[in-house]
Amino acid sequence: MANFYSIVLTLVTIAAGLIWLYDAKMKKPGRLATIAKLEEQTSKKLDDEERERVAPQGRVAEFAQSVFPILFIILIVRSFFYEPFRIPSASMMPTMLAGDFVLVEKFSYGVRDPLFRTELFETGTPQRGDVAVFKFPLNPQVDFIKRIVATPGDRIIYRNKTLYLEPACVAESAQCPQLQVIERNVQQQDEVYFSRTTPLQRYSEQLGEIEHEILIDPTVAPRTAYYFQQAGTAADEWIVPEGHYFAMGDNRDNSEDSRYWGFVPYENLVGQATFIWMSLEFKRGADSWVPDWLPDWVPSGVRWHRLGTVE
């Protein structure tokens with residue numbers, strides 16, 4: 001089922017369209033007949049203002065007629081093409097920061113109806129390294145955004161904060177891929193990120209064709225005891241079932257992801273994050289122009305340098 005906003009938008013659009021259609025088919029002919037009769041009696045062609053005075057359109061019908069095209073365009077674009085999404089937490093740092101606004105390409109992973117999210121036709125599947133938005137499997141009313149780390153059939157190990165990947169064996173392949181270490185390289189830090197007062201270590205990592213950055217907190221011990229346990233595998237090992245994906249946040253020690261609650265079903269996918277179109281800063285330093293008495297949700301600035309494509 002779609003989220004509350006999608007349901008409301010769809011129902012309001014349908015209601016406005018039905019009111020407009022009812023007015024056009026049932027009420028408008030009567031108004032036109034009244035105008036034609038008066039013009040015949042007076043032998044005078046009425047202008048638009050006189051027509052409106054003689055046979056006015058109801059306010060509700062007039063409002064529905066004016067807003068329906070706008071609502072319809074918004075519904076089509078949001079349901080099948082692009083949807084804005086706000087980054088709510090630090091789990092995807094440094095790729096995305098809290099306060100970033102991204103465009104999600106809805107047709108990347110299939111086209112679905114806006115109400116029941118039934119797939120109408122396939123368009124593609126997630127690849128390793130994609131930043132994807134999906135319905136949280138434990139609470140589908142909540143949207144999550146994470147990076148796809150493993151696809152169906154992959155074997156993945158996250159041990160001592162090192163990622164290992166054994167890609168799925170393709171049936172027609174002569175030799176199956178071996179378990180490989182996903183190498184990470186120390187990244188020069190032009191900007192330092194913190195977890196409370198601890199500076200985070202910044203690395204670059206390659207998943208598929210995507211090179212991206214990750215953060216590691218050296219003060220946090222591995223949380224293996226809290227990992228999602230899959231039958232038949234080690235505590236820090238998973239084999240991705242068919243029709244599912246394994247997703248992780250780039251801020252590895254500050255992300256609630258597949259390591260803790262399991263796999264993302266294909267039907268939960270919403271789309272691929274492609275572009276940061278706005279980035280708002282909410283922290284307030286001593287030199288901030290925003291008064292302290294304003295609520296925390298009032299932004300203190302715009303991070304223009306962050307606008308651009310998502311990697």
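Reader: In β20, which residue is the bridge partner of Ile276?
Author: In this predicted model, strand β18 is joined to strand β20, residues 308-309, by two bridges, and the two strands run antiparallel. Within that pairing, the partner of Ile276 in β20 is Gly308.

Reader: Which residue in β19 is the bridge partner of Glu281?
Author: Strand β18 is also joined by two bridges to strand β19, which covers residues 301-302 and runs antiparallel to β18. The residue of β19 that bridges to Glu281 is Gly301.

Reader: Which residue in β18 stands opposite Asp100?
Author: Strand β2, residues 100-105, pairs with β18, residues 269-281, in the antiparallel sense, and six bridges make up this pairing. Asp100 belongs to that stretch of β2, and the residue opposite Asp100 in β18 is Ser279.

Reader: Which residue in β18 stands opposite Phe134?
Author: Strand β5, which spans residues 131-136, is joined to β18 by three bridges, with the two strands running antiparallel. In this pairing, the residue of β18 that faces Phe134 is Leu269.

Reader: How many residues apart in sequence are the parts that the pair of Phe134 and Trp261 ties together?
Author: Phe134 and Trp261 form a tilted aromatic pair, with 6.1 Å from centre to centre and 55 degrees between the planes. Because Phe134 lies in strand β5 whereas Trp261 lies in helix α4, residues 258-261, the pair ties together parts whose separation in sequence is 127 residues.

Reader: Are Phe134 and Trp261 buried or exposed?
Author: A residue counts as buried when its relative accessible area is under 20% and as exposed when that area is over 50%. By this cut-off, both Phe134 and Trp261 are buried.

Reader: What is the order of the strands in the open sheet of four strands?
Author: The edge strands of this sheet are β9, residues 180-181, and β15, residues 237-239, each of which pairs on one side only. Strand β7, residues 155-159, is joined to β15 by three bridges and runs antiparallel to it. With antiparallel pairing throughout the sheet, the order is β9-β8-β7-β15.

Reader: Which residue in β15 stands opposite Ile156?
Author: One aromatic cluster is formed by Tyr227, Phe228, Trp238, Phe246, Tyr260 and Phe263. A member of that cluster is also the residue of β15 that stands opposite Ile156, namely Trp238.

Reader: At what distance from the ring centre of Tyr203 does the charged end of Arg184 sit?
Author: Arg112 lies over the face of Tyr266, at 5.2 Å from the ring centre. The charged end of Arg184 likewise sits over a ring, that of Tyr203, and its distance from the centre is 4.6 Å.

Technical notes:
Residues are numbered from 1 along each chain as its sequence is written. This is a predicted model: local features need pLDDT of at least 70, side-chain atom pairs count only at pLDDT 80 or more; totals for chains, interfaces and linings use all residues. Side-chain values use heavy atoms; hydrogens and water are left out. Two strands pair if DSSP finds at least two bridges between them. Rings of Phe, Tyr and Trp (its six-membered ring) pair if their centres lie within 6.5 Å; planes under 30 degrees apart count as stacked, over 60 as edge-to-face and the rest as tilted. Buried means under 20% relative accessible area, exposed over 50%, partly exposed in between (1.4 Å probe, protein chains only). A charge sits over a ring if NZ of Lys or CZ of Arg is within 6 Å of the ring centre and within 35 degrees of the ring normal.
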